[in-house]
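I opened this notebook page to record what I looked up in the model. The entries follow in the order in which I made them.

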Amino acid sequence: MIGLGYSKEVYLAASAALSEQKSRAEAHAERHRTELYSAFPRAQEIEKELSATAISAAKAVLKGGNTRELLSQLKERNQALQQELNGILQKAGLPKDYLEPHYACSQCCDTGYIDGRTCSCLKKLLRSEAYKSLNTLTPLSLCTFETFDLRYYSSEPDSSGRSERGMMARVLDICMTYAENVSAGSSNLIMMGGTGLGKTHLSLAIANAAIEKGFGVVYGSVNNMIAKLEREHFGREQDLSTGQLLLDCDLLILDDLGTEFRTAFAVSEIYNIVNTRQMAQRPTIISTNLTMKEIEERYTERFASRILGGYVRLPFTGKDVRLQKRMRQIENT
């Protein structure tokens, strides 16, 4: 993931997070050292002697010549001092590594690099910060399953004996089950129905649950994502990571399919994203106001075939909930 061309802001955020982890671990170790020195002054003397033997060994190596005997003596002295320090720690009931910083990443000691190569912890942080950057305008915290109110859907049965509330209760149940069991192999979903029926709300609730479980989630309107991809593709932005993040993230949620400006570039990119993720078996959730016929007309029969064959369709029904809420607010003022 390091070669994706992350933006400067993403690199700075990841580096700052690593630096904070490193400083925190070292400050904690320094507090341990101060406490031990206060209770056992000899421990401080031993650490000074250990530093002195290390310097002496370095000087001996630099001088060259027959240094084997001197280095052997220094090694023995070092081992004796270390044993004495371990004895003090044991007497105090403390572990041998009490004075060592406990870094979040033991591989790179929170530097982000191992022998000049990028550590997996930095790659993970870069990916996480990139997700945050893409999701920055998304109101994730505002939408949960608990705040999805079925009372806005009519309980009156239609000619087939089904009610809007009953159908939406089933949709809610499917989404909650999906969120509870979300995994890398989860199925794809397409939420279909008119404006204001809860598609965005439930897709955000799923996103919240997936993020809580540690999944890398990218959420956004198709319109905004296509606009960003266009800016990167045509050289108006230096950040080249968006396209790859859309393909590689654990869960991709494409909101408002069909509201984007229709261009050959947009149609091609949307098909590529959906097709590539389906082939790689990475779950995608799409919400749209379009019918299947309209999807076929707008994105080609091949695209519609991908949706029909690879997505679980969730029909949303009822009257615009957002409009109902606004009307109630007006009535109560």
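I looked up the cysteines: the sulfur of Cys108 is 3.5 Å from the closest cysteine sulfur, which belongs to Cys121, and this is too far for a bond. I took a disulfide as a pair of cysteine sulfur atoms within 2.5 Å. I found zero disulfides in the structure. Cys108 counts as buried at 4% relative accessibility, and Cys121 counts as buried at 17%. I used buried for under 20% relative accessible area, exposed for over 50% and partly exposed for in between, with a 1.4 Å probe and protein chains only.

I noted that this is a predicted model, in which local features need pLDDT of at least 70, side-chain atom pairs count only at pLDDT 80 or more, and totals for chains, interfaces and linings use all residues. Residues are numbered from 1 along each chain as its sequence is written, and side-chain values use heavy atoms, with hydrogens and water left out.

I then turned to the rings and found two aromatic pairs. Phe148 and Tyr153 are stacked, at 5.9 Å centre to centre and 25° between the planes. The pair of Tyr299 and Phe303 is tilted, with ring centres 5.0 Å apart and planes at 45°. Rings of Phe, Tyr and Trp (its six-membered ring) pair if their centres lie within 6.5 Å; planes under 30 degrees apart count as stacked, over 60 as edge-to-face and the rest as tilted. I recorded Phe148 and Tyr153 as buried, and likewise Tyr299 and Phe303.

Finally, I located Met327 in helix 12, residues 321-331 (helices are DSSP runs of H or I, at least four residues, numbered from the N terminus). Met327 is partly exposed, at 42% relative accessible area.

Notes: Helices (H or I, at least four residues) and strands (E, at least two) are DSSP runs, numbered from the N terminus.
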